[in-house]
Amino acid sequence: MEREIETYKGKTYNGKDARLFKEWELIDRRYENDTQGSYIIRKRNGLGLPIVYDIVFNVKSITGVKPENEQGLKLPIFGYEHVMRITLPNNYPSADGQPQFSFTTDVWHPNVRFFGDFKGRVCLNTGDSGVHTHLVDYIDRVIDYLTYDDYHAKNEYPYPEDLDVAEWVLKQGEPQGWVEFKQD
C-alpha cells in the first residue's frame, strides 16, 4: 500500500512549505517501520502539508501517582500509550515561531506540566535549540522523557516544567528506583 506522503513528493515547495514537507518526510520515515509509535495528521495548510500532528508513543511510562500510602509514599501508575500533539504556528520555523508540544494523555514527568493551567505542555527548550532542529529530534527527546532516560528535576536552569512532579521524582521516584523501569 502506498503511503500518503508519496502523492506529495516531486512537487516544488518554497520557503516555509519546503520545511513543512521536510518535517513530514522525516516523521514519516521515522515511523515507517516503528512498532513503538505512529503519527496522525490532525490539520493541514492550504497545500495539504501537515501543521498539526498527533504522535502516538507505545512505551511504558509513568502516567500519575496513587494517593499516599501508610508509609507516606505515592506509588507510580504506569501506562503504555501516550499521545503528544505538535502544533506548528504560521511563522514556523522562526525564532518566534517555535512548535508547541503538548500531551493529550496524562504523563507524569518533571518536564511535562501535570497540574494547573497548560496541563500536558512539554518543555523541550525549543528556544535554546534554534530553528534548525527538526521535529523528529524533539520526538526522540520525548521518548527519552517517557522512558525516564532524560529528565531535569532540580529547581535550577533549565528548570522543570512541573515542580510538584519534580519534587516527587527527587524525594520518592529516584530513592525508590521507580524512575528506573524497564520496557516490557
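Predicted model: local features only at pLDDT ≥ 70, side-chain atom pairs only at ≥ 80, totals over all residues.
1. Pro-158 lies in the loop between α3 and α4, the latter covering residues 163-173.

2. Where does Pro-93 have its place? Look in the loop between β5 and β6.

3. While you are checking backbone angles, stop at Phe-118. Although Phe-118 is not a glycine, it has a positive phi of about 65 degrees. You will find Phe-118 in the loop between β6 and α2, where α2 spans residues 126-129. Remember this residue, as Phe-118 also belongs to the lining of the largest pocket.

4. Now for that pocket. The largest pocket holds about 170 Å³ of space. Its lining is made up of Arg-85, Thr-87, Gln-100, Phe-101, Ser-102, Phe-118, Lys-119 and Arg-121. Two elements, β5 (82-87) and β6 (100-103), each give two or more residues to this lining. Which element gives the most? That is β6, with 3 residues. Sorted by class, the lining has 2 nonpolar, 3 polar and 3 charged residues.

5. The second largest pocket has a volume of about 150 Å³. Residues from several parts of the sequence line it: Glu-68, Gly-72, Lys-74, Trp-108, Phe-115, Asp-164, Glu-167, Trp-168, Lys-171 and Gln-172. How do these residues divide by class? The lining of the second largest pocket has 3 nonpolar, 2 polar and 5 charged residues.

6. Next, turn to two helices. Helix α1 (residues 15-31) and helix α3 (residues 135-146) have axes that come within 8 Å and cross at roughly 40 degrees. Are they parallel or oblique to each other? An angle under 35 degrees would count as roughly parallel, and one of 65 to 115 as roughly perpendicular; α1 and α3 are therefore oblique to each other.

7. From α1 come Glu-23, Leu-26, Ile-27, Arg-30 and Tyr-31, and from α3 come Leu-135, Val-136, Ile-139, Asp-140 and Ile-143. By class, this contact of α1 with α3 has 7 nonpolar and 3 charged residues, with no polar ones.

8. Arg-19 forms a salt bridge with Glu-23, and their closest N and O atoms are 2.7 Å apart. Both Arg-19 and Glu-23 lie in helix α1, where they are 4 residues apart, about one turn of the helix. For the structure, the count comes to 11 salt bridges, taking a side-chain nitrogen of Lys or Arg within 4 Å of a carboxyl oxygen of Asp or Glu.

9. Rolling a probe the size of a water molecule over the atoms shows where empty space is left. How many cavities of 30 Å³ or more does a search of the whole structure find? The search finds 2. The second largest cavity has a volume of about 40 Å³, and its lining consists of Arg-30, Tyr-31, Asp-34, Gln-36, Gly-37, Phe-57, Val-59 and Ile-143. These residues divide into 4 nonpolar, 2 polar and 2 charged.

Conventions. Residues numbered from 1 in each chain as written. Heavy atoms only, no water. 1 Å grid on protein atoms, 1.4 Å probe; cavity = no way out; pocket = protein on both sides within 12 Å on 5 of 7 lines; lining within 4 Å. Points joined across faces, edges and corners; volume = space filled by probe spheres on them. Nonpolar A, V, L, I, M, F, W, Y, C, P; charged D, E, K, R; others polar. Axes fitted to C-alpha atoms, helices over the stretch in contact; angles between N-to-C directions. Parallel < 35°, antiparallel > 145°, perpendicular 65-115°, else oblique. Contact = heavy atoms within 4.5 Å.
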